[in-house]
Amino acid sequence: MIMIRRLSFLFLAMFLLGFYFGPKVSANFLSPGSAEDPLVTQKWVDQYVAEAFSPIRERIASANLKLEGLGALITQIENRCRPTIILTVGSVKGFVDDLEYSLDAAPFIVSGRILLPLRFVGEAFGVDFAWDHNAKSVAYQSPEGKVILTIGEKTARLGKNQVALDVSGTIVAGRTFVPLRFIGESLGAKVTWYGEKKQAVLK
């Protein structure tokens, strides 16, 4: 019995010592996320993430600016490298960067619009045209996506869009003629018409 009392007093003494001299727990003056308080708030997490990723965001923004500048430079280079093409209505002679070429057939005008042989367009622009004999359509790739132009129709597919044509493509004497302005502009070229010379210049 005496032993039990001694143990009881011993446990009570240890409890009191721990209570008075042990570490204090308080909710005041604690910094969230510190060694004293490992629990964090949403605000602290958001601030920490913002500070940690700030340099990365700055690098991404800088990289995006460089990419935009690179894209503009590429466009300038492409514009400089694009050939200058000169065509004259009624003439089978065409010029690409001052070099003379012979066309399969002479360009002609329909409803105020120039049509020219498809083959010459492909050779001058370096574009591969796919001719579908059954559908009587021409397909090629442009900067805006795939282009499908069907002979006899006054609309064409440009990427995901349907585009109205001033004049449809046609077949004359076995030659496929396509509207010059639409083909040129869809490939990113600027088309200029000189009426006194009946010449079209693509650049």
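Buried means under 20% relative accessible area, exposed means over 50%, and partly exposed lies in between, computed with a 1.4 Å probe and protein chains only. Helices (H or I, at least four residues) and strands (E, at least two) are DSSP runs numbered from the N terminus.

The model is predicted, so local features need pLDDT of at least 70 and side-chain atom pairs count only at pLDDT 80 or more, while totals for chains, interfaces and linings use all residues. Residues are numbered from 1 along each chain as its sequence is written, and side-chain values use heavy atoms, with hydrogens and water left out.

**Exercise 1. Look along helix α3**

Work out which residues of α3 are buried, and which salt bridges involve its side chains.

*Solution.* 
- Step 1: α3 is mostly covered, with 6 of its 8 residues buried. These are Leu118, Phe120, Val121, Gly122, Ala124 and Phe125.
- Step 2: apply the salt-bridge criterion, a side-chain nitrogen of Lys or Arg within 4 Å of a carboxyl oxygen of Asp or Glu. Glutamate 123 pairs with arginine 119, their closest N and O atoms being 3.2 Å apart. Both residues lie in α3, 4 residues apart, about one turn of the helix, and both are exposed.
- Step 3: widen the view to Asp104, which is linked with Arg119 and Glu123 in a network of salt bridges.
- Step 4: step past the end of the helix. Glycine 126 follows α3, and its phi is positive, near 70 degrees.

**Exercise 2. Find the cavity**

Locate the largest cavity and describe its lining.

*Solution.* 
- Step 1: recall the idea of the search. Rolling a probe the size of a water molecule over the atoms shows where empty space is left.
- Step 2: On a 1 Å grid over the protein atoms alone, a cavity is a set of points where a 1.4 Å probe fits but cannot get out; a pocket is an open set with protein on both sides within 12 Å along at least five of seven lines; lining residues have an atom within 4 Å of a point. Grid points are joined across faces, edges and corners, and a volume is the space filled by probe spheres set on the points.
- Step 3: count and size. The structure holds 1 cavity of 30 Å³ or more, and the largest cavity has a volume of about 40 Å³.
- Step 4: read the lining, which includes Ile85, Leu116, Phe120, Leu180 and Leu202. At least two lining residues come from each of β1 (85-88), α3 and α4.
- Step 5: sort by class, with Ala, Val, Leu, Ile, Met, Phe, Trp, Tyr, Cys and Pro as nonpolar, Asp, Glu, Lys and Arg as charged, and the others, Gly among them, as polar. The cavity lining has 9 nonpolar residues, 1 polar and no charged.

**Exercise 3. Move to the pocket**

Identify the residues nearest the centre of the largest pocket, and examine the salt bridge between arginine 113 and aspartate 166.

*Solution.* 
- Step 1: the largest pocket has a volume of about 360 Å³. Its lining counts 19 residues, with Arg113, Asp166, Leu180, Arg181 and Phe182 nearest the centre.
- Step 2: α4 gives the largest share of this lining, 5 residues. By class there are 12 nonpolar, 2 polar and 5 charged residues.
- Step 3: the side chains of arginine 113 and aspartate 166 form a salt bridge at 2.9 Å, N to O. Arginine 113 lies in strand β5 and aspartate 166 in the loop between β10 (161-164) and β11 (170-172), so the pair ties together parts that are 53 residues apart in sequence.
- Step 4: check the accessibility. Arginine 113 is partly exposed at 31%, and aspartate 166 is also partly exposed at 49%.
- Step 5: turn to phenylalanine 182, found in helix α4. Its relative accessible area is 13%, so phenylalanine 182 is buried. Beyond neighbours within four places in sequence, phenylalanine 182 has contacts (heavy atoms within 4.5 Å) with Tyr140, Val147, Leu149, Ala156, Val163 and Leu165.
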